[in-house]
Amino acid sequence: MMNKRIYFLGIPFFALSLWAQEPLEAGLTEQVEAIAASIKEHPQTAAEGFDNLLKGKNKKNVSLLVAIGDAYLTAGNIQEAGRYAQRAADVDNKAPQVYLLQGDIALAENDPGTACGNYEQAILFDENCKEAYYKYAHAYAGVNPQLSVDMLLKLKARFPEELQTDRELANVYYLMGDYSRAKTAFDTFMQAGKPEVQDYGRYAMLLYLNKDYRESMDMVEKGLSMDAQYHLLKRLKMYDLYELKAYEEALKASQEFLDQKEGSFVYLDYVYQGRICEALKQTEPAVAAFKQALAADTQGEHPEIWKEMSGAYESAQNYPQAVEAFQHYADCLNGKMEVSDLFLLGRLYYLSASATEDMAQKTAALTKADEIFAQVAQRVPTNYLGNFWRARVNSLLDPETSQGLAKPYYEAALALLSQQPQASQSLMIECESYLGYYYFLQKDYEQSKEHWRNILKLDPEHAAAKQALEGMK
(Lines give C-alpha, C1' and ligand atoms only; values in the text may rest on other atoms or scores of the structure.)
Protein backbone atom coordinates (compact mmCIF):
# COMPACT_ATOMS: atom_id res chain seq x y z
CA MET A 1 0.00 0.00 0.00
CA MET A 2 2.91 2.35 0.59
CA ASN A 3 3.78 2.66 -3.08
CA LYS A 4 0.18 3.49 -3.88
CA ARG A 5 0.21 6.27 -1.33
CA ILE A 6 3.39 7.69 -2.83
CA TYR A 7 2.16 7.70 -6.38
CA PHE A 8 -1.59 8.15 -6.11
CA LEU A 9 -1.44 11.83 -6.98
CA GLY A 10 0.91 11.27 -9.86
CA ILE A 11 4.43 11.96 -8.58
CA PRO A 12 6.79 10.10 -6.26
CA PHE A 13 6.40 12.16 -3.09
CA PHE A 14 9.69 10.98 -1.61
CA ALA A 15 11.78 12.42 -4.42
CA LEU A 16 15.49 11.78 -4.17
CA SER A 17 17.79 14.77 -4.03
CA LEU A 18 21.43 14.82 -5.09
CA TRP A 19 24.23 15.95 -2.85
CA ALA A 20 27.75 16.57 -4.11
CA GLN A 21 30.48 13.95 -3.67
CA GLU A 22 33.94 14.96 -2.46
CA PRO A 23 34.83 17.57 -5.11
CA LEU A 24 37.23 16.76 -7.91
CA GLU A 25 39.34 19.25 -9.75
CA ALA A 26 37.24 20.89 -12.43
CA GLY A 27 39.33 19.43 -15.22
CA LEU A 28 39.03 15.89 -13.87
CA THR A 29 35.27 16.21 -13.46
CA GLU A 30 34.88 17.21 -17.10
CA GLN A 31 37.09 14.33 -18.25
CA VAL A 32 35.16 11.76 -16.19
CA GLU A 33 31.86 13.02 -17.61
CA ALA A 34 33.19 12.90 -21.18
CA ILE A 35 34.47 9.34 -20.83
CA ALA A 36 31.35 8.20 -18.96
CA ALA A 37 29.20 9.14 -21.96
CA SER A 38 30.72 6.20 -23.88
CA ILE A 39 30.32 3.50 -21.18
CA LYS A 40 27.18 1.89 -22.64
CA GLU A 41 27.95 2.00 -26.35
CA HIS A 42 31.75 1.73 -26.25
CA PRO A 43 32.69 0.08 -22.94
CA GLN A 44 36.23 -0.79 -24.01
CA THR A 45 36.93 2.79 -25.07
CA ALA A 46 35.56 4.02 -21.72
CA ALA A 47 37.71 1.54 -19.79
CA GLU A 48 40.83 2.65 -21.63
CA GLY A 49 39.96 6.29 -21.06
CA PHE A 50 39.57 5.78 -17.31
CA ASP A 51 42.81 3.79 -17.16
CA ASN A 52 44.67 6.67 -18.82
CA LEU A 53 43.05 9.11 -16.42
CA LEU A 54 44.31 7.12 -13.43
CA LYS A 55 47.95 7.13 -14.46
CA GLY A 56 50.69 8.96 -12.62
CA LYS A 57 49.66 11.16 -9.71
CA ASN A 58 45.99 10.18 -10.08
CA LYS A 59 46.61 6.47 -9.48
CA LYS A 60 45.63 6.75 -5.81
CA ASN A 61 43.17 9.61 -6.12
CA VAL A 62 40.28 8.28 -3.99
CA SER A 63 37.83 10.92 -5.16
CA LEU A 64 38.62 10.11 -8.78
CA LEU A 65 38.22 6.36 -8.24
CA VAL A 66 34.88 6.98 -6.54
CA ALA A 67 33.75 9.31 -9.34
CA ILE A 68 34.53 6.63 -11.93
CA GLY A 69 32.74 4.00 -9.86
CA ASP A 70 29.77 6.30 -9.62
CA ALA A 71 29.83 6.80 -13.40
CA TYR A 72 29.68 3.04 -13.92
CA LEU A 73 26.86 2.74 -11.38
CA THR A 74 24.88 5.46 -13.16
CA ALA A 75 25.36 3.55 -16.43
CA GLY A 76 23.99 0.39 -14.78
CA ASN A 77 27.29 -1.51 -14.67
CA ILE A 78 27.23 -2.58 -11.03
CA GLN A 79 30.17 -4.98 -11.37
CA GLU A 80 32.59 -2.32 -12.60
CA ALA A 81 31.25 0.15 -10.03
CA GLY A 82 32.07 -2.37 -7.31
CA ARG A 83 35.56 -2.90 -8.69
CA TYR A 84 36.36 0.81 -8.50
CA ALA A 85 34.80 1.06 -5.04
CA GLN A 86 37.17 -1.68 -3.87
CA ARG A 87 40.16 0.06 -5.50
CA ALA A 88 39.24 3.25 -3.64
CA ALA A 89 38.89 1.33 -0.36
CA ASP A 90 42.32 -0.25 -0.89
CA VAL A 91 43.77 3.26 -1.09
CA ASP A 92 41.90 4.65 1.93
CA ASN A 93 39.46 2.47 3.86
CA LYS A 94 38.44 5.39 6.06
CA ALA A 95 37.29 7.72 3.30
CA PRO A 96 33.53 8.39 3.74
CA GLN A 97 32.93 8.77 -0.01
CA VAL A 98 34.07 5.16 -0.50
CA TYR A 99 31.31 3.95 1.81
CA LEU A 100 28.82 6.22 0.11
CA LEU A 101 29.58 4.53 -3.21
CA GLN A 102 29.45 1.05 -1.66
CA GLY A 103 26.12 1.93 -0.10
CA ASP A 104 24.77 3.14 -3.44
CA ILE A 105 25.88 -0.11 -5.07
CA ALA A 106 24.14 -2.19 -2.39
CA LEU A 107 21.01 -0.12 -2.86
CA ALA A 108 21.15 -0.73 -6.62
CA GLU A 109 21.21 -4.46 -5.75
CA ASN A 110 18.06 -3.96 -3.64
CA ASP A 111 19.88 -4.53 -0.35
CA PRO A 112 18.92 -1.55 1.87
CA GLY A 113 20.36 -3.17 5.00
CA THR A 114 23.86 -3.41 3.54
CA ALA A 115 23.47 0.01 1.96
CA CYS A 116 22.63 1.63 5.28
CA GLY A 117 25.47 -0.22 6.99
CA ASN A 118 27.83 1.49 4.55
CA TYR A 119 26.20 4.88 5.07
CA GLU A 120 26.67 4.43 8.83
CA GLN A 121 30.35 3.68 8.18
CA ALA A 122 30.62 6.94 6.26
CA ILE A 123 29.14 8.79 9.26
CA LEU A 124 31.51 6.94 11.61
CA PHE A 125 34.51 8.32 9.72
CA ASP A 126 32.97 11.75 9.18
CA GLU A 127 30.12 12.80 11.46
CA ASN A 128 29.57 15.86 9.27
CA CYS A 129 28.95 13.84 6.11
CA LYS A 130 25.42 15.12 5.49
CA GLU A 131 25.04 13.08 2.33
CA ALA A 132 25.36 9.84 4.32
CA TYR A 133 22.53 10.84 6.65
CA TYR A 134 20.26 11.67 3.73
CA LYS A 135 21.13 8.53 1.77
CA TYR A 136 20.47 6.39 4.85
CA ALA A 137 17.10 8.09 5.32
CA HIS A 138 16.19 7.53 1.66
CA ALA A 139 17.23 3.88 1.71
CA TYR A 140 15.07 3.02 4.72
CA ALA A 141 12.13 5.27 3.85
CA GLY A 142 10.06 2.52 2.22
CA VAL A 143 11.39 -0.28 4.45
CA ASN A 144 11.53 1.08 7.98
CA PRO A 145 10.60 4.78 7.93
CA GLN A 146 11.11 5.17 11.67
CA LEU A 147 14.82 4.50 11.17
CA SER A 148 14.79 7.22 8.51
CA VAL A 149 13.22 9.65 10.97
CA ASP A 150 15.75 8.74 13.66
CA MET A 151 18.67 9.42 11.31
CA LEU A 152 17.24 12.71 10.09
CA LEU A 153 16.66 13.85 13.67
CA LYS A 154 20.33 13.10 14.40
CA LEU A 155 21.29 15.27 11.46
CA LYS A 156 18.90 18.00 12.60
CA ALA A 157 20.42 17.95 16.08
CA ARG A 158 23.91 18.27 14.60
CA PHE A 159 22.97 20.92 12.04
CA PRO A 160 19.82 22.68 13.32
CA GLU A 161 20.07 25.29 10.58
CA GLU A 162 19.85 22.61 7.84
CA LEU A 163 16.41 23.33 6.35
CA GLN A 164 16.75 20.49 3.85
CA THR A 165 16.36 18.12 6.80
CA ASP A 166 12.91 19.50 7.57
CA ARG A 167 11.88 18.88 3.97
CA GLU A 168 13.11 15.28 4.15
CA LEU A 169 11.47 14.71 7.55
CA ALA A 170 8.19 15.87 6.03
CA ASN A 171 8.63 13.33 3.24
CA VAL A 172 9.24 10.42 5.61
CA TYR A 173 6.39 11.39 7.95
CA TYR A 174 4.19 11.43 4.85
CA LEU A 175 5.22 7.86 4.01
CA MET A 176 4.34 6.85 7.57
CA GLY A 177 0.89 8.36 7.16
CA ASP A 178 1.64 10.88 9.91
CA TYR A 179 0.36 13.87 7.97
CA SER A 180 0.23 16.15 10.99
CA ARG A 181 3.98 15.82 11.72
CA ALA A 182 4.72 15.98 8.02
CA LYS A 183 2.89 19.30 7.85
CA THR A 184 4.77 20.65 10.89
CA ALA A 185 8.12 19.75 9.35
CA PHE A 186 7.19 21.24 6.01
CA ASP A 187 5.93 24.39 7.73
CA THR A 188 9.47 25.04 8.97
CA PHE A 189 11.01 24.55 5.56
CA MET A 190 8.38 26.56 3.68
CA GLN A 191 8.66 29.52 6.04
CA ALA A 192 12.45 29.72 6.26
CA GLY A 193 13.71 27.90 3.19
CA LYS A 194 13.56 28.63 -0.51
CA PRO A 195 10.72 26.43 -1.75
CA GLU A 196 10.57 25.42 -5.39
CA VAL A 197 7.42 24.63 -7.33
CA GLN A 198 7.60 20.92 -6.41
CA ASP A 199 7.75 21.90 -2.75
CA TYR A 200 4.52 23.83 -3.11
CA GLY A 201 3.05 20.72 -4.72
CA ARG A 202 4.10 18.44 -1.86
CA TYR A 203 3.07 20.91 0.81
CA ALA A 204 -0.29 21.54 -0.84
CA MET A 205 -0.82 17.78 -0.95
CA LEU A 206 -0.08 17.45 2.76
CA LEU A 207 -2.52 20.23 3.54
CA TYR A 208 -5.13 18.54 1.37
CA LEU A 209 -4.59 15.23 3.20
CA ASN A 210 -4.95 17.11 6.50
CA LYS A 211 -8.25 18.50 5.14
CA ASP A 212 -6.82 22.04 5.33
CA TYR A 213 -8.34 22.80 1.95
CA ARG A 214 -8.16 26.60 2.15
CA GLU A 215 -4.45 26.55 3.07
CA SER A 216 -3.83 23.93 0.42
CA MET A 217 -5.50 26.15 -2.16
CA ASP A 218 -3.27 29.05 -1.13
CA MET A 219 -0.17 26.91 -1.74
CA VAL A 220 -1.62 25.73 -5.06
CA GLU A 221 -2.02 29.32 -6.23
CA LYS A 222 1.53 30.24 -5.17
CA GLY A 223 2.96 27.21 -6.92
CA LEU A 224 0.97 27.81 -10.10
CA SER A 225 2.26 31.37 -10.16
CA MET A 226 5.72 29.80 -10.58
CA ASP A 227 4.66 27.15 -13.10
CA ALA A 228 1.11 27.38 -14.47
CA GLN A 229 1.32 23.88 -15.99
CA TYR A 230 2.58 21.97 -12.95
CA HIS A 231 0.56 18.76 -13.09
CA LEU A 232 0.13 18.02 -9.39
CA LEU A 233 -0.87 21.58 -8.57
CA LYS A 234 -3.51 21.63 -11.31
CA ARG A 235 -4.88 18.38 -9.92
CA LEU A 236 -5.01 19.72 -6.36
CA LYS A 237 -6.71 22.89 -7.57
CA MET A 238 -9.61 20.76 -8.78
CA TYR A 239 -9.70 18.73 -5.55
CA ASP A 240 -9.47 21.73 -3.23
CA LEU A 241 -12.12 23.75 -5.06
CA TYR A 242 -14.55 20.85 -4.80
CA GLU A 243 -13.88 20.44 -1.08
CA LEU A 244 -14.40 24.19 -0.64
CA LYS A 245 -17.77 23.81 -2.43
CA ALA A 246 -16.72 26.19 -5.22
CA TYR A 247 -18.32 23.83 -7.72
CA GLU A 248 -18.40 26.07 -10.81
CA GLU A 249 -14.71 26.93 -10.40
CA ALA A 250 -13.96 23.28 -9.66
CA LEU A 251 -15.65 22.21 -12.89
CA LYS A 252 -13.55 24.65 -14.88
CA ALA A 253 -10.40 23.45 -13.10
CA SER A 254 -11.30 19.81 -13.78
CA GLN A 255 -11.76 20.52 -17.48
CA GLU A 256 -8.44 22.36 -17.69
CA PHE A 257 -6.70 19.53 -15.87
CA LEU A 258 -8.24 16.54 -17.64
CA ASP A 259 -8.08 18.13 -21.10
CA GLN A 260 -4.27 18.16 -20.95
CA LYS A 261 -2.66 16.03 -23.64
CA GLU A 262 0.38 15.33 -21.50
CA GLY A 263 0.49 14.04 -17.96
CA SER A 264 -0.83 10.94 -16.26
CA PHE A 265 -4.25 10.68 -14.70
CA VAL A 266 -5.45 8.46 -11.87
CA TYR A 267 -8.87 7.10 -10.97
CA LEU A 268 -9.37 9.73 -8.28
CA ASP A 269 -9.16 12.51 -10.87
CA TYR A 270 -12.28 11.17 -12.57
CA VAL A 271 -13.98 10.51 -9.23
CA TYR A 272 -13.56 14.17 -8.35
CA GLN A 273 -14.87 15.21 -11.75
CA GLY A 274 -17.90 13.00 -11.13
CA ARG A 275 -18.46 14.51 -7.68
CA ILE A 276 -18.24 18.02 -9.12
CA CYS A 277 -20.80 17.25 -11.84
CA GLU A 278 -23.09 15.58 -9.32
CA ALA A 279 -22.90 18.64 -7.04
CA LEU A 280 -23.95 20.73 -10.06
CA LYS A 281 -26.83 18.27 -10.75
CA GLN A 282 -25.24 17.20 -14.03
CA THR A 283 -26.07 13.52 -13.74
CA GLU A 284 -25.00 12.24 -17.16
CA PRO A 285 -21.53 13.85 -17.06
CA ALA A 286 -21.15 12.64 -13.47
CA VAL A 287 -21.93 9.05 -14.43
CA ALA A 288 -19.61 9.29 -17.45
CA ALA A 289 -16.79 10.49 -15.15
CA PHE A 290 -17.37 7.64 -12.70
CA LYS A 291 -17.22 5.19 -15.60
CA GLN A 292 -13.86 6.69 -16.58
CA ALA A 293 -12.74 6.26 -12.99
CA LEU A 294 -13.67 2.57 -13.15
CA ALA A 295 -11.69 2.23 -16.38
CA ALA A 296 -8.67 3.93 -14.76
CA ASP A 297 -8.90 1.56 -11.79
CA THR A 298 -7.35 -1.22 -13.83
CA GLN A 299 -6.83 -3.56 -10.86
CA GLY A 300 -10.37 -3.13 -9.57
CA GLU A 301 -9.11 -1.97 -6.18
CA HIS A 302 -11.72 0.74 -5.70
CA PRO A 303 -15.22 -0.75 -5.90
CA GLU A 304 -16.49 2.30 -4.00
CA ILE A 305 -16.56 4.07 -7.37
CA TRP A 306 -19.75 2.08 -8.09
CA LYS A 307 -21.18 3.43 -4.84
CA GLU A 308 -20.43 7.01 -5.89
CA MET A 309 -22.07 6.37 -9.25
CA SER A 310 -25.11 5.03 -7.42
CA GLY A 311 -25.25 8.27 -5.44
CA ALA A 312 -25.33 10.28 -8.66
CA TYR A 313 -28.27 8.24 -9.94
CA GLU A 314 -30.04 8.57 -6.59
CA SER A 315 -29.63 12.34 -6.62
CA ALA A 316 -31.43 12.32 -9.97
CA GLN A 317 -34.10 10.00 -8.49
CA ASN A 318 -33.16 7.31 -11.00
CA TYR A 319 -33.56 4.58 -8.41
CA PRO A 320 -33.38 1.50 -10.68
CA GLN A 321 -29.97 2.61 -11.98
CA ALA A 322 -28.91 3.57 -8.45
CA VAL A 323 -29.79 0.05 -7.30
CA GLU A 324 -27.91 -1.54 -10.20
CA ALA A 325 -24.74 0.48 -9.53
CA PHE A 326 -24.87 -0.18 -5.79
CA GLN A 327 -25.44 -3.88 -6.45
CA HIS A 328 -22.21 -3.88 -8.52
CA TYR A 329 -20.46 -2.40 -5.48
CA ALA A 330 -21.96 -5.10 -3.24
CA ASP A 331 -20.96 -7.86 -5.66
CA CYS A 332 -17.35 -6.61 -5.69
CA LEU A 333 -17.21 -6.97 -1.90
CA ASN A 334 -18.20 -10.65 -2.06
CA GLY A 335 -20.58 -10.52 0.90
CA LYS A 336 -18.22 -8.49 3.09
CA MET A 337 -20.24 -5.29 3.08
CA GLU A 338 -20.44 -3.13 6.17
CA VAL A 339 -23.86 -2.98 7.82
CA SER A 340 -24.15 0.69 6.90
CA ASP A 341 -23.74 -0.15 3.21
CA LEU A 342 -26.14 -3.05 3.51
CA PHE A 343 -28.71 -0.66 4.93
CA LEU A 344 -28.16 1.82 2.08
CA LEU A 345 -28.72 -0.91 -0.49
CA GLY A 346 -31.95 -1.95 1.19
CA ARG A 347 -33.10 1.66 1.27
CA LEU A 348 -32.42 2.01 -2.48
CA TYR A 349 -34.56 -1.05 -3.21
CA TYR A 350 -37.31 0.51 -1.06
CA LEU A 351 -37.07 3.84 -2.92
CA SER A 352 -37.07 2.02 -6.25
CA ALA A 353 -40.27 0.22 -5.25
CA SER A 354 -41.89 3.44 -4.08
CA ALA A 355 -41.16 5.15 -7.42
CA THR A 356 -42.78 2.60 -9.75
CA GLU A 357 -46.41 1.78 -10.55
CA ASP A 358 -45.48 -1.57 -12.06
CA MET A 359 -46.70 -4.05 -9.43
CA ALA A 360 -44.34 -6.84 -10.48
CA GLN A 361 -41.32 -4.54 -10.25
CA LYS A 362 -42.60 -3.04 -6.98
CA THR A 363 -43.08 -6.46 -5.37
CA ALA A 364 -39.68 -7.72 -6.54
CA ALA A 365 -37.89 -4.62 -5.18
CA LEU A 366 -39.76 -4.76 -1.86
CA THR A 367 -39.02 -8.46 -1.45
CA LYS A 368 -35.32 -7.77 -1.98
CA ALA A 369 -35.43 -4.83 0.43
CA ASP A 370 -37.09 -7.01 3.07
CA GLU A 371 -34.36 -9.63 2.74
CA ILE A 372 -31.65 -6.99 3.15
CA PHE A 373 -33.24 -5.27 6.17
CA ALA A 374 -33.68 -8.71 7.77
CA GLN A 375 -29.89 -9.11 7.49
CA VAL A 376 -29.41 -5.66 9.04
CA ALA A 377 -31.65 -6.60 11.97
CA GLN A 378 -29.78 -9.85 12.44
CA ARG A 379 -26.33 -8.27 12.34
CA VAL A 380 -27.17 -5.40 14.72
CA PRO A 381 -30.06 -6.68 16.88
CA THR A 382 -29.81 -3.76 19.29
CA ASN A 383 -30.39 -1.19 16.54
CA TYR A 384 -33.95 -0.35 15.51
CA LEU A 385 -33.17 0.38 11.83
CA GLY A 386 -33.45 -3.16 10.46
CA ASN A 387 -36.88 -3.79 11.98
CA PHE A 388 -38.12 -0.25 11.34
CA TRP A 389 -37.38 -0.45 7.62
CA ARG A 390 -38.75 -3.98 7.40
CA ALA A 391 -41.93 -2.46 8.81
CA ARG A 392 -42.01 0.20 6.10
CA VAL A 393 -41.35 -2.39 3.39
CA ASN A 394 -44.10 -4.68 4.63
CA SER A 395 -46.46 -1.75 4.97
CA LEU A 396 -46.06 -1.18 1.21
CA LEU A 397 -46.58 -4.89 0.59
CA ASP A 398 -49.81 -4.67 2.60
CA PRO A 399 -51.14 -1.19 1.72
CA GLU A 400 -54.59 -1.83 3.22
CA THR A 401 -53.09 -3.19 6.48
CA SER A 402 -55.44 -6.13 6.02
CA GLN A 403 -52.76 -8.72 6.79
CA GLY A 404 -50.82 -6.75 9.37
CA LEU A 405 -47.51 -7.68 7.70
CA ALA A 406 -45.71 -4.70 9.22
CA LYS A 407 -47.03 -5.24 12.77
CA PRO A 408 -44.25 -7.45 14.21
CA TYR A 409 -41.54 -5.18 12.83
CA TYR A 410 -43.08 -1.94 14.07
CA GLU A 411 -43.47 -3.58 17.47
CA ALA A 412 -39.83 -4.71 17.50
CA ALA A 413 -38.62 -1.28 16.36
CA LEU A 414 -40.79 0.49 18.96
CA ALA A 415 -39.41 -1.71 21.73
CA LEU A 416 -35.86 -0.73 20.80
CA LEU A 417 -36.71 2.96 20.33
CA SER A 418 -38.41 3.05 23.75
CA GLN A 419 -35.10 2.11 25.36
CA GLN A 420 -33.34 5.12 23.87
CA PRO A 421 -33.77 8.39 25.84
CA GLN A 422 -32.93 10.46 22.74
CA ALA A 423 -35.03 8.44 20.31
CA SER A 424 -36.74 10.35 17.49
CA GLN A 425 -40.33 11.23 18.38
CA SER A 426 -41.38 11.10 14.73
CA LEU A 427 -40.15 7.51 14.38
CA MET A 428 -41.93 6.43 17.55
CA ILE A 429 -45.12 8.17 16.40
CA GLU A 430 -44.93 6.31 13.09
CA CYS A 431 -44.74 2.99 14.95
CA GLU A 432 -47.58 3.91 17.33
CA SER A 433 -49.76 5.21 14.47
CA TYR A 434 -49.48 1.98 12.52
CA LEU A 435 -50.26 -0.12 15.57
CA GLY A 436 -53.17 2.13 16.58
CA TYR A 437 -54.66 1.84 13.11
CA TYR A 438 -54.04 -1.92 12.91
CA TYR A 439 -55.86 -2.59 16.19
CA PHE A 440 -58.67 -0.27 15.09
CA LEU A 441 -59.18 -2.41 11.98
CA GLN A 442 -59.19 -5.49 14.21
CA LYS A 443 -61.89 -3.82 16.34
CA ASP A 444 -59.59 -4.10 19.37
CA TYR A 445 -60.41 -0.57 20.43
CA GLU A 446 -58.74 -0.65 23.84
CA GLN A 447 -55.41 -1.62 22.31
CA SER A 448 -55.91 0.97 19.60
CA LYS A 449 -56.65 3.71 22.16
CA GLU A 450 -53.50 2.83 24.10
CA HIS A 451 -51.30 3.50 21.06
CA TRP A 452 -53.05 6.77 20.20
CA ARG A 453 -52.66 7.92 23.81
CA ASN A 454 -48.96 7.07 23.64
CA ILE A 455 -48.71 9.42 20.70
CA LEU A 456 -50.31 12.25 22.69
CA LYS A 457 -47.71 11.71 25.40
CA LEU A 458 -45.09 12.38 22.78
CA ASP A 459 -46.99 15.17 21.02
CA PRO A 460 -50.03 16.55 22.94
CA GLU A 461 -51.21 18.43 19.82
CA HIS A 462 -51.09 15.50 17.42
CA ALA A 463 -54.24 15.96 15.31
CA ALA A 464 -54.60 12.40 13.98
CA ALA A 465 -54.30 10.89 17.46
CA LYS A 466 -56.94 13.28 18.84
CA GLN A 467 -59.27 12.50 15.97
CA ALA A 468 -58.83 8.74 16.38
CA LEU A 469 -59.56 8.85 20.10
CA GLU A 470 -62.56 11.13 19.50
CA GLY A 471 -63.95 8.64 16.99
CA MET A 472 -63.70 5.74 19.45
CA LYS A 473 -65.60 7.39 22.33
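Arg158 is partly exposed, with a relative accessible area of 39%. By that term I mean a value between the limits for buried, under 20% relative accessible area, and exposed, over 50%, computed with a 1.4 Å probe and protein chains only. Arg158 forms a salt bridge with Glu127, and the closest N and O atoms lie 3.0 Å apart. A salt bridge here is a side-chain nitrogen of Lys or Arg within 4 Å of a carboxyl oxygen of Asp or Glu. The pair links distant parts of the chain, 31 residues apart: Arg158 belongs to helix α9 (residues 145-158), and Glu127 to the loop between α7 (112-125) and α8 (130-141). Glu127 also counts as partly exposed, at 45% relative accessibility.

A word on the source. This is a predicted model, in which local features need pLDDT of at least 70 and side-chain atom pairs count only at pLDDT 80 or more, while totals for chains, interfaces and linings use all residues. Residues are numbered from 1 along each chain as its sequence is written, and side-chain values use heavy atoms, with hydrogens and water left out. Helices are DSSP runs of H or I with at least four residues, numbered from the N terminus.

Side chains of opposite charge can pair when their charged atoms come close. By the rule already stated, the count comes to 19 salt bridges. Arg235 forms a salt bridge with Asp269, the closest N and O atoms being 2.7 Å apart. This pair, too, links distant parts of the chain: Arg235 sits in helix α14 and Asp269 in helix α16, 34 residues apart. Asp269 is likewise buried, at 0%. Salt bridges that share partners also join Asp104, Glu131 and Lys135 into one network. Because Glu131 and Lys135 are 4 residues apart in helix α8, about one helical turn separates them. Both Glu131 and Lys135 are buried.

I turn now to helix α15. Its buried residues are Ala250, Leu251, Ala253, Ser254, Phe257 and Leu258. Why do they lie on the same side of α15? They cover an arc of only 165° around the axis, which places them on the same side; the arc is that of the directions from the helix axis to the C-beta atoms. On the other side of α15, Glu248, Glu249 and Lys252 are exposed. The buried residues of α15 pack against α14 (231-243) and α16 (267-279), where contact means heavy atoms within 4.5 Å.

Tyr437, Phe440, Leu441 and Tyr445 form a nonpolar patch with about 360 Å² of accessible area together. Such a patch joins nonpolar side chains (Val, Leu, Ile, Met, Phe, Trp, Tyr) within 5 Å, taken from residues with over 30% relative accessible area and no salt bridge; areas come from the Shrake-Rupley method with a 1.4 Å probe. Helix α24 (residues 425-441) supplies the largest share of the patch, 3 residues. Tyr445 is found in helix α25 (residues 445-458) and counts as partly exposed, at 36% relative accessibility. The buried residues of α25 are Ser448, Lys449, His451, Trp452, Asn454 and Ile455, and they pack against α24 and α26 (463-471).

Terms used. Helix = DSSP H or I, 4+ residues; strand = E, 2+ residues; numbered from the N terminus. Patch = residues over 30% accessible without salt bridge, like charges linked within 9 Å, V, L, I, M, F, W, Y side chains within 5 Å.
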